[in-house]
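Thanks for coming. I will go through one protein chain, from the whole down to a few single residues. Please have a look at it before I start.

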Amino acid sequence: MTNDNFNYNDERFADLQMLRYKVHGFEELSLKQKTFIYYLQEAALWGRDILFDQNGVYNLKIRKVLELLYLNYEGDKESEDYKAFEVYLKRVWFSNGIHHHYGCEKFVPGFSKEWLKGVMQNARCKMQNYSESELEEIVDVIFNPDVMQKRVNLAEGEDLVKTSACNYYQGVSQEEAEAFYNKQKEEGGRTTDNGHPVMYGMNSTLVKKDGEIYEEKWTTSEKYGAALTKIVEYLKFARPFAEDEKQQEVIDLLVSYYETGDLKTFDEYSIAWVENTEPLIDFVNGFIECYGDPLGLKCSWESIVNFKDLVATKRTETLSDNAQWFEDNSPVDARFKKDKVKGVSAKVINAAILAGDLYPASAIGINLPNSEWIRAEHGSKSVTIGNLTDAYNKAAKGNGFVDEFAFSADEIEIIKKYGDLTDDLHTDLHECLGHGSGKLLEGVDSDGLKAYGSTIEEARADLFALYYLPDAKLVELGLTPDLEAYKASYYGQMMNGLITQLVRIKPGDNIEESHMRNRALIARWALNKVSDVSSEVSEPAVEMVKKDGKTFVKINDYVRLREIFGELLAEIQRIKSTGDYEAAKNLVENYGVKVDAELHQEVLERYKKLNLAPYKGFINPRYDAIKDAQGNIIDVTISYNEGYAEQMLRYSRDYSF
Ligand code: ZN
C-alpha cells in the first residue's frame, strides 16, 4: 500500500533485469544479531570463486581477464564492440561463468574476435600474469562454438560427463564416473548411527590422471582450500554471536565438515541444522544443489543468510490465534470440519545476503536438506523468502502488465491500492489456515485422489483464503483496512486464472503444474457457474468481454462471486473429505487443464509487446562494520546504492585469490 522511494528495479541488459531487495527489519536487530549477520555474510561472499570454477574450468580466468580489460579500457566506449563486450561481461558475472544460468548454452559474444585481441594487445602490460598462449586459449573458449557448448548436457545417448562443460569431472567418462560411485556405494561408507547412505561424491571433483581415478575433495586443505579457509575463518568469527548454543553446534559441525570433507559429518550437520528452529537468524552455507552436474551427484556451492520476517509472523499469529473461528464459520459441511484446529505459524524469512548459486538469480523459497533419509526422519525446513517475492512484486509495478490485462482504470486503481496487501494476506490465509483446515472422514485414504490430490489441495487452500478475504472479521482483526480491499485479490485471481497465467505456458501445451491448474480450475468453474444462471434480469457476476479486439475479465458482482467461491470450497472439501476420486478428476480435467488456443495466442502476443525481461536477479545490499579502536564491532550499517558492475568488481577485488 505504501509507496516508498526504494528502487526495486535496477539496470537491464540482454535477457536480464536486475532488481534490488530490501532487508526489512535489519535496523531493528540487536548489535549482537547484526554482528552475527555481518560475519555470516562475509562467510557467504568468500565462496563466490568456488562456483565460478565449478561451472567451468576457464570461468575464473576469463572473468579476471575481462575485468582487467574492462577496468583498463581506453578506447571508444560508444563503439558497438565495446557495448557488446560490457554486456558479455555482465552476463558472465550474472551466470557465474560463460554459460546461460538457466538454459546452460554458451554465450555468443556480440563483439568480434579481432576487436578483443586488439584490446588485449593494448592492455598487455596490465596482464603480465597471463602468457600469450593462455590468452589465445581464452579467446578460443569464448569464440569457438565447438568448445564447451553446454554447461550441463542432458541429451540422451551422449556421454553426459564428457559433453558437459561443468568442472566436476576431469578426464573421466560417464561410464567411469558411474562405476566409481557405484563401487563406493557397494563398499559402504555409511553413517555410523543408523546405516543410512551418505551423499556420495557431493563434495569432490572426480579426476583421472595417469590412468588412475580419484576424488579431489573440497576441503580447507585440498581443492578450494583458500576459499574454504576464509569461509571457516568467518564462521568462527560469527560463532560467539550465534543465537543459541545449538546454533553454535551447527557452526562447529559445518566447520569440521569443511575441514575434513567427511560426509557423515555433513549429515550430522544437516540434522543439527534442521532441528535448530528457534533462532531468528539462520543461514545456509555449503555444497547444496546438484542441478549443475549431469549425473546429479556434485553439489554447487551457495549461501543465504536470513532472519524471520517479524511483520509476517505477527500477521500469521493473529490468524492462528483465531483459527477456530475461521474453521467454525466456513461454508463447509459440519461433518468435514475440525473440532480443534491449530493455525500454522509463518514460514516467511528475509534474505540478508545471497551468494554462490543463489546469486544473482535466486530461488524464492528454501526446502532443505536434500538428503532423503534426513528429511524422512528429522524433517525439513521449508520457507519462502518474503523480501525477494516482495521485490519481484514491487519491481513489476509500472511495467505495463496490469495496465495491459486489467479491464479498466477502476480495476487498475484497486490493484495498485490494495494488491500487495491482499496478496500477502491471501498467502497467509492459504498457508496458515487453508491447508490446515477440514478433516477426512474416517477410513478415507489420504492419497485417494492420486494425481489430482495436489491440485485439489491447493484449490482448497486458495478457496479458503478467497472466501475469507472479504470478511468483516479481517477488518476487526486489523488485517484489512476496509471492506473494499479484497476486490484487488478477487480481480487478480480471476484475471490470472482465466487469462494472464497463460503467458507461462508454451503454445500447444496443457496446464501441468498443480498451482496453475488450481487457479484455472477456480476461475473457470466460477465463470461457468455464473453462465449457468439465466442472466435475463441482470448482468452476470463475472464475464469475459472483448474490447478493441482484446479479451478481458469483467466482474460485475463481487458479493455474488464470494458466494460462488464459498460453494466451490464446500464441494472441494467434500471431495477431499470423502476421497471422491471421480469428482476430483472431473473438476480438474474439465476446468484446470486445457488451454483455449486462440485466447492463448492473443495473450502471448500482448505479453510479448510489453517487452519484459524473462530472467531476473538481485543486487545485494552492502554491509559495513563500524569498529572501535580495539577492533570490536560497534555497529553494522546496510546500504543499497551500490551499482551492479560496482558490486561485481568489489566482490572480485575483495573476495578472490
Ligand atoms: Zn499451498
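**The chain as a whole**

Of the 657 residues in this protein chain, 54% count as buried, where buried means under 20% relative accessible area, exposed means over 50%, and partly exposed is in between, with a 1.4 Å probe and protein chains only. The model is a predicted one, so local features need a pLDDT of at least 70 and side-chain atom pairs count only at pLDDT 80 or more, while totals for chains, interfaces and linings use all residues. Residues are numbered from 1 along each chain as its sequence is written, and side-chain values use heavy atoms, with hydrogens and water left out.

How many helices and strands are there? The chain has 25 helices and 15 strands. These are DSSP runs, numbered from the N terminus: helices are H or I with at least four residues, strands are E with at least two.

Next, the overall dimensions. A compact globule of 657 residues would have a radius of gyration near 26 Å, and this chain has 27 Å, which agrees. That radius is taken over C-alpha atoms, and the globule rule is 2.2 Å times the number of residues to the power 0.38. Along the principal axes, the C-alpha atoms fill a box of roughly 85 × 60 × 60 Å.

**One arginine**

Now go to helix 18, residues 453-468, where you will find Arg460. Is Arg460 buried or exposed? Its relative accessible area is 3%, so Arg460 is buried. Leaving aside neighbours within four places in sequence, Arg460 is in contact with several residues, among them His435, Leu569 and Lys576; contact means heavy atoms within 4.5 Å. Gly434 is also one of those contacts, and its backbone oxygen lies 3.4 Å from a polar atom of the Arg460 side chain.

**Some backbone details**

Which residues are joined by cis peptide bonds? Pro360 lies in the loop between strand 8 (348-356) and strand 9 (365-368). Another joins Leu368 and Pro369, with omega about 0 degrees, and Pro369 is in the loop between strand 9 and helix 14 (372-378).

Lys450 has a phi of about 45 degrees and lies in the loop between helix 17 (409-434) and helix 18. Lys450 counts as exposed because its relative accessibility is 60%.

Note on methods. Polar contact = N/O pair within 3.5 Å; in protein donor to acceptor, adjacent residues only side chain to side chain.
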